[in-house]
Amino acid sequence: MTDALQIMISESKSSVLDKEHNQGSKIPQIASEMIFHIVTAYKAHNCYPLLNQNNISNSKEITFQAFPVVKRDGGLAVSNLPEKGRCLLTTKNFYPGEVILRQEPYVCVPNNTVSRCDGCFASESLKKCSACQVVLYCGSTCQKSEWKLHRLECIALSRLEKEKRKAVTPSIRLMVRLFLRRKLQNEMFIPASVTDSCNFVEALVSHLKDLDEKQLVLYAQMASLVHLILQWPEINLKEIAENFSKLACNAHTICDCELRPLGTGLYPIVSIINHSCLPNAVLIFEGKSSVVRAVEHIPEGAEVSIAYIDIAGSTMTRQKTLKEQYFFTCTCPRCIKAGQYNDIQESAILEGYRCKDDRCNGFLLRDSEDKGFICQTCGLLRSKEEVKRIVSEITAISDKELKSTSPGSILFNGYMDHEEAISQYKMIEKLQMELCHPFSISLMRTREELLKILMEVGDWREALAYCRLTIPGYQRMYPELHPLLGLQYYTCGKIEWTVFGVFKILRGHVVMYCFSYAPHAHVQTKEKHFKEYSHTFLRNMFFGATLLEFRQIGLVAVAVVTGTVALNCCYLCCRLLGYTEDAIKSLTRAIDILRITHGTNSPFMKELMMKLDEAHAEASYNLSSKDE
């Protein structure tokens, strides 16, 4: 394990995203024991204090009254429910797209997978801190904003030998910063408002008693390095290790608008929100700020919930992940249906096998005599031996071939590696199509990998085909207003818009050819030259074009020979109009979802809406060109 935080909060994944997939970010488990005291339980008397200035106490003791101002006009309250522990309740109605909570990180660090600025997480124009040679900044503004905290961090890191500085991972830095910020707040060098007091960190539950020996040893080793960096006699290894365990369940992966991981941060107020596999809110990041938005109407007095994990999975898979990572058993509306027929059917579709009859779309369940799996629609039996054979073939390809041609290595090893990886993933896809249900998660993930590689090499036609194949799976696995579904529509629209751009360029080249080629040249010569020119252009710009496309380009060449410019572009205009209309549909669907989950003020959303406006304008232009 090169970086313990990958174990604790999966900082390098997204669900997304990465897409991975994860919603992109892993959200923490909320402590089940009561920390903030209330006079009367909400469920018993339907009353709870509002989170406003009247509830703030100057005492440093952690009580309910010391809880921070979340919304000055009310709107939220902390309660302690017997079956859940701490939770966040609403004291007013929230509607889809409305911001429920916004919070800056108590501490945060960028990932080390890509060099990033410590202040804004930008990845361009970076310079190392001249003293510690560890931290990067994009300019003086970010450096000044981080200086109070980094001044102490810089001194501590500079004491290390150069080789040992390389061992300082993001998780180690996050812990060092946690102690440094607490020190600065206690000494009043940094203001400690009620919303970011170190008391909240101390109040988090560590679940140290739930960890196995291997994890405890790992935390102890990491604690030793933190102790070496700080060199504070007043803190001990146990305290540091316990804080690592707290971060494991309460830190967040900070993602960009497309849910790609950027860094890790601790947001104590957001940590109060409980998990649901059918959440009524979503956590998105705007820069380093965490923003929780409602994705459905949340009535007054209801609990706010978000998803800690990627919810595309069977109930058994989700329960296993939550138990292993966050140490609790989910009792959300989806999970309480475990064992019911509909839940069994959904699990068999998402993670089970398909019927042998290609005409049947049924799902399979294990037969009572354990001979194999029986289709619940047509009754056809699929033997265990056949299933094991195909699974073994898939595993063999995955283990032996894709290790050397994984997407991570493809980006650096040249074009042939891309082709090899595409070939291997297509072999896996073929086997999965034979074995798995069409809505299988594993089949969808394979197609996502193919989509990623095809986009990397610029094969937009095939990338578009695979992106469209993933959409039905996303629609089935995620709620209607889920950011991953919106982002998949966005990806589809973006590819369609790219394909449109290629055809638009080609149309311009057709017109240029028409006017520039000698009008008295021999017909066959002109047609031959234009076919060669078009073929080369398409292979460079859009090598997924089919032979039919090339024949149709040849027809355009014949039109060039006649000198009729309108006919020259007729076919290409039709293609342009088709891809533009597709892009409009996809981008519209993306905006309908993402305006709820992401809001409309971020640069990402403004660019998306501008792209849709451009598509509408192009569609009108191409329609008029076609009519003429």
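This is a predicted model: local features need pLDDT of at least 70, side-chain atom pairs count only at pLDDT 80 or more; totals for chains, interfaces and linings use all residues.
Local features are described where pLDDT is at least 70, side-chain atom pairs count only at pLDDT 80 or more, and totals for chains, interfaces and linings use all residues. Residues are numbered from 1 along each chain as its sequence is written, and side-chain values use heavy atoms, with hydrogens and water left out.

**View 1. Three strands form an open antiparallel sheet in the order β3-β11-β10.** Strands here are DSSP runs (E, at least two residues) and helices are runs of H or I with at least four, numbered from the N terminus; two strands pair if DSSP finds at least two bridges between them. At the edges stand β3 (99-103) and β10 (281-286), each with a single partner strand, so one side of each has no neighbour in the sheet. From one strand to the next, the twist averages 20°, an angle between N-to-C directions on a scale from 0 to 180 degrees, using axes fitted to C-alpha atoms. Look for the four bridges that join β3 to β11 (residues 289-294), and find Q103 opposite S290.

**View 2. E98 sits in the loop between β2 (85-90) and β3.** With 26% relative accessibility, E98 counts as partly exposed (buried is under 20% relative accessible area, exposed over 50%, and partly exposed in between, with a 1.4 Å probe and protein chains only). Although E98 and A294 are 196 residues apart along the chain, their C-alpha atoms are separated by 5.6 Å. Beyond its neighbours within four places in sequence, E98 is in contact with K92, N93, V292, R293 and A294, where contact means heavy atoms within 4.5 Å.

**View 3. Strand β7 (residues 251-255) is largely enclosed by the rest of the structure, because five of its five residues are buried.** In a regular strand, side chains alternate between the two faces of the sheet. Here A251, T253 and C255 point one way from β7, while H252 and I254 point the other way. Five bridges pair β7 with β8 (residues 261-266) in the antiparallel sense, and H252 stands opposite G265. Five residues lie between the two strands of this hairpin, and L259 takes a positive phi near 65°.

**View 4. Helices α5 (residues 170-186) and α7 (residues 213-230) cross at roughly 50°, with axes that come within 10 Å.** That angle makes α5 oblique to α7, since angles under 35 degrees count as roughly parallel, over 145 as roughly antiparallel, 65 to 115 as roughly perpendicular and the rest as oblique. Residues making the contact include F179 of α5 and L225 of α7.
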